[in-house]
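Visitor: I would like to learn how to read the features of a model one at a time. Could we begin with charged side chains?

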Amino acid sequence: MARFAELTAALAAAERWLLPPECLLCRQPVPLPDHDALACGVCRSRWRPVPAPWCHRCGHPLDGEDGCGLCAQWPAAIGRVRSAVLLEDGAREAVHLLKYEGWWRMADSLATPMRTLEPLTGGVCLIPVPLSAARARERGYNQAERLARALGRITRLSVRAELLARTRHTPTQTTLPPDARRANVAGAFAATGVRDIRAVLVDDVFTTGATLLAAAEALAAGGAASVDAVTFARALG
């Protein structure tokens, strides 16, 4: 067994020497410390964290002394929402590669800056926001589930994708104005087996929060003790 492990490591080293991995964002060789990451450490360092101060509930950056108007009308079903970085430049490209280009291993790089977000405490379980069956077939996987599983490996928190389902197909949110997004996903989720759990929803991007709110309402209706949410990126404006 030890000899097999040594042979495997030697073959991997030879493959890396012959075919060095390339960062999908800057197209430069990935340094050895980054192993075979799809986004190199330099590109990841350019992702800009969500700046403080932010709203204690929705995590949106606050401008001066003004209060937060984004979550003023949110239902009680959802608690805190936190995002790791701003959706701009390289972070936006990384999300696009994960979501639309089939590079599901990009989730490993996206999960890394999420690992210290406030809702990720001991005893919570990670629940990815589900896709409809049609969209899952189209993409081949659910990017939120890939992200949740990468985050679960880093934090050692359990991932329970089976607890939340999307009950109907909805048009993509990206084509809708903010005031139509909430109606688009209203009642689109159903939860089972969630009584008394502490749930943390996982998704790739926070825009208006409409999808997270609808998913949180389904979990709360199913008896979840609490529902928070984390995303990799946050869109502003």
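Guide: Side chains of opposite charge can pair when their charged atoms come close. A salt bridge here is a side-chain nitrogen of Lys or Arg within 4 Å of a carboxyl oxygen of Asp or Glu. In this predicted model, D228 and R80 form such a bridge through their side chains, at 3.4 Å from N to O. D228 sits in strand β7 and R80 in the loop between α2 and β1, so-called distant parts of the chain, 148 residues apart.

Visitor: What do the numbering and the model type imply for reading these values?

Guide: Residues are numbered from 1 along each chain as its sequence is written, and side-chain values use heavy atoms, with hydrogens and water left out. The model is predicted: local features need pLDDT of at least 70 and side-chain atom pairs count only at pLDDT 80 or more, while totals for chains, interfaces and linings use all residues. Helices (H or I, at least four residues) and strands (E, at least two) are DSSP runs, numbered from the N terminus.

Visitor: Is D228 buried or exposed?

Guide: Buried means under 20% relative accessible area, exposed over 50%, and partly exposed in between (1.4 Å probe, protein chains only). D228 is buried, with a relative accessible area of 11%, whereas R80 is partly exposed at 28%.

Visitor: Which residues are linked with D228 in a network of salt bridges?

Guide: The network links R80, R82, E118 and D228. The structure holds nine salt bridges. Another of them joins the side chains of R48 and E88, at 2.8 Å from N to O. R48 lies in the loop between α2 and β1 and E88 in the loop between β1 and α3, so this pair ties together parts that are 40 residues apart in sequence. Both partners are partly exposed: R48 has a relative accessible area of 43% and E88 one of 24%. R160 also forms a salt bridge, with E162, and their closest N and O atoms are 2.5 Å apart. R160 counts as partly exposed, at 33% relative accessibility.

Visitor: D228 was placed in strand β7. How do I read the pairing of that strand?

Guide: Two strands pair if DSSP finds at least two bridges between them. Strand β1 (residues 81-86) runs parallel to β7 and is joined to it by five bridges. Strand β6 (residues 198-206) also pairs with β7 in the parallel sense, over eight bridges. R234 in β7 stands opposite L86 and also opposite F206. From β6 the chain crosses through α8 to β7, and this β-α-β crossover is right-handed; the term applies if, with the strands pointing away from the viewer, the path from the first strand over the helix to the second runs clockwise.

Visitor: Why is β7 described as largely enclosed?

Guide: Eight of the nine residues of β7 (residues 226-234) are buried, so the strand is largely enclosed by the rest of the structure.

Visitor: How do I check the helix in that crossover?

Guide: Nine of the 12 residues are buried, so α8 is largely enclosed by the rest of the structure. Among the buried residues are L212, L213 and L219. Just after α8, G223 takes a positive phi of about 105°.

Visitor: Which residues other than glycine have a positive phi?

Guide: Among them is R27, at about 65°, in the loop between α1 (2-18) and α2. D89 has a phi near 50°; D89 belongs to helix α3 (residues 89-100) and counts as exposed, at 65% relative accessibility. A separate backbone feature is the cis peptide bond from A52 to P53, with omega near 0°. P53 lies in the loop between α2 (41-45) and β1.

Visitor: How do I describe the chain as a whole?

Guide: The secondary structure comes to eight helices and seven strands. Buried residues make up 47% of the 237 residues. Contact means heavy atoms within 4.5 Å. Among contacts between residues at least 6 apart in sequence, 70% join residues at least 24 apart.
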